[in-house]
Amino acid sequence: MASVDSGIRDEAAAFEPAPQVAPAAVAGRTHFRRFTAFQRWVHFFIMVSFSTLVLTGMPLKYSDQAWAQRWMGVLGGVQIAGMIHRFAAMIMVSCVICMLGFFTLILIKSKGRFWGPGTMVPNRQDYQDLRAMVGWFVGKRSHPHLELDRYAYYEKGEFWAASAGVTIMCLTGAILWYPEVAGRYLPGIVINFALVNHSGGALLAMGFVVVFWHFFHAHLRPEAFPMDKAMYAGGLPLEEYAHERPLEYERRIREGTLDEVLVAPVSEARMKVQNVIWWIITGLALFLWVVFSLFVVWVASFWLASF
Amino acid sequence: MIPRAFLTTSLGIALLAVVVLAAPAGAVQFSLAHGANGRCLECHSKPDLGTIVANGERKSLTVDETTWHDSVHSRLDCTACHAGFQAREHTAEEQAGWYQQARLTACSDCHADQFAMYSGSFHGNLVMGKNDKRAPACADCHGSHGIISPGSPEFRASVLTMCGRCHDEKSATYLDTYHGKSFRMGETSTAVCTDCHGHHKILPASDPDSTVSKQHVVATCGTCHDQATSNFASFLIHNDRSTPKSSLWVWLMEINHSVLIGVLFVLGGLHCFLYFYRGLREGLYHRG
């Protein structure tokens, strides 16, 4: 296993043991397919529905605030906002169902893949990576170039946090959508629980998962800055990927499965069109991120003031 | 000798004349009445008209004409409610006497049904049985000169404030529910205080006749939520999340969320900030 601590990142040094380029890569397929089209579409719909859910739900949580009342007026009132919120919720639930189906397929097709290397299940390596990073944060060691497999510890952590969050939000949201049905089978206090958890869970999801965690670690950390295009373009240059996620690269070479994930880069002409869309989406996402960040700062100031 | 026919004819004409003349006479009386209102407004439209009442406070006696004209009672005479007042400067006895009894009877002459319901209510009992000065009579909720239809959005929008004058704790917890939140967002079709608690005959939940008693609460919820069950109705509407006194479990859940949000925001924020800060310091953002 490669050392976690290879000093301050140095492009030349990191490439010294030149990655073995598979024959297929030479034949024009120079990119590593990080995410399949299915995964990218699911991500897109989650991104859109999540933003919609936040924008239509948060004013209700902070209904005593003037900005919330103004924004609700812009949306056209509680009833319209509620309809949009439920529509977006259905999109998100569809995404969750798709992902559950996807995981089931993986479990059936390739036994053990769900918790082997390259999966979302945390392992000892993640713990070591986290320790190395915290050591660097507090100045006790130099910058570690993490020897990552398919997913880093911060991606796994986010995945499980988001999974727990979406489960809670779906269950409590369903109770709040159909409180009479819930009342047929469950005591009324469950509706109170649902209110508290839907409201608190929303803030957690928006603040912790999106503002603090996802945006930063996907796009703003030094290695990915200014934007990681993998989720948008699907493929990354093979050398880049091999440098960032050496464990998966080496594993695939060893297993002889690298060929499965090699793709040709998109053509120049298509890239031009895609770049326009990319900048629009990125611009919107960045704008929302700034709004959400300011919002979280505002909430945090409340939280601090309560002591 | 006057012919009988002449007598009957002239009597008929006279009777007809009375009827024909009486009709405009009635109209005259009507317009005179409005003239009488006009006479009242000669003084009562002055913005500085007022008097000092028993507790030493100044009470304005100005009637806003536009408010009055927009109210449901704009076609009534002033004296329909302010019975017994003469068109001259009113004596102190006249005024005090009227306020004492007219607080209720000014309305009950026309609205006998509502008054009967009110008399049996918790509020009515406080006012009439216990002489409680703080408990509301008709005008405390409906107003006086600017009375609007209780079904109108404007009236519904004002319900929370009027109940909240005494029941402020209840209105705070109400505002923490979906009803209250959408009410605050300007949705007047959502349930307000009176939709659940009733209006003229409000009774405490412990009274079996109350709309929110164990016996009736499911039916009350059912007026909007047609599939309401007793479980559904046991939802804690007036629940204060910030104290364990309302519901221990809801409070614990709330605390759990606050701690979770606090810890995760701090840890997540630190992880991002230090990653960013160290990366910036070590030039990791400057690439080739």
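The expected span of a helix is 1.5 Å times one less than its number of residues. Helices (H or I, at least four residues) and strands (E, at least two) are DSSP runs, numbered from the N terminus. The model here is predicted, so local features need pLDDT of at least 70 and side-chain atom pairs count only at pLDDT 80 or more, while totals for chains, interfaces and linings use all residues. Residues are numbered from 1 along each chain as its sequence is written, and chains are lettered from A, ligands from 1, in the order in which they are written.

**Exercise 1. Work out what span H6(A) should have, and check it against its end C-alpha atoms.**

Step 1. Start with the count: H6(A) has 14 residues.

Step 2. At 1.5 Å a residue, these should span 20 Å.

Step 3. Now look at the ends: the end C-alpha atoms of H6(A) are 20 Å apart, which agrees.

**Exercise 2. Find which residues of H6(A) are buried and which are exposed.**

Step 1. What lies over the buried side? The cover includes H7 of chain A together with H14 of chain B.

Step 2. Carry on past the end of the helix: H6(A) is followed by A:Gly139, whose phi is positive, near 80°.

**Exercise 3. Describe how chain A and chain B touch.**

Step 1. You need a rule for touching: two residues are in contact if their C-beta atoms, placed from the backbone, lie within 7 Å.

Step 2. The contact takes 41 residues from chain A and 41 residues from chain B.

Step 3. Which element gives the most on the chain A side? H9(A) does, with 15 residues.

Step 4. Sort the chain A side by type and you get 24 nonpolar, 11 polar and six charged residues. For this sorting, Ala, Val, Leu, Ile, Met, Phe, Trp, Tyr, Cys and Pro count as nonpolar, Asp, Glu, Lys and Arg as charged, and the others, Gly among them, as polar.

**Exercise 4. Explore the largest nonpolar core.**

Step 1. A nonpolar core is a set of buried Ala, Val, Leu, Ile, Met, Phe, Trp, Tyr and Cys residues joined through C-beta atoms within 7 Å.

Step 2. The largest one has 27 residues, and A:Ala205, A:Met206, A:Val210 and A:Val211 touch the most other members.

Step 3. H9(A) gives the most to this core, with 13 residues.

Step 4. Zoom in on A:Val210: leaving aside neighbours within four places in sequence, A:Val210 is in contact with A:Ala205, A:Phe215 and A:Phe292.

Step 5. A second, separate core of 15 residues includes A:Ala182, A:Ala194, A:Leu195 and B:Val212.

**Exercise 5. Trace the three-strand sheet of chain A.**

Step 1. Two strands pair if DSSP finds at least two bridges between them.

Step 2. The order in this open sheet is E2-E1-E3, and the pairing is antiparallel.

Step 3. The edge strands are E2 (235-237) and E3 (262-263) of chain A, each pairing on one side only.

Step 4. Strand E1 (residues 31-33) of chain A pairs with E3(A) over two bridges. In E3(A), A:Val263 is the bridge partner of A:His31.

Note on methods: A residue is buried if 20 or more other C-beta atoms lie within 10 Å of its own, exposed if 12 or fewer, and partly exposed in between; C-beta atoms are placed from the backbone.
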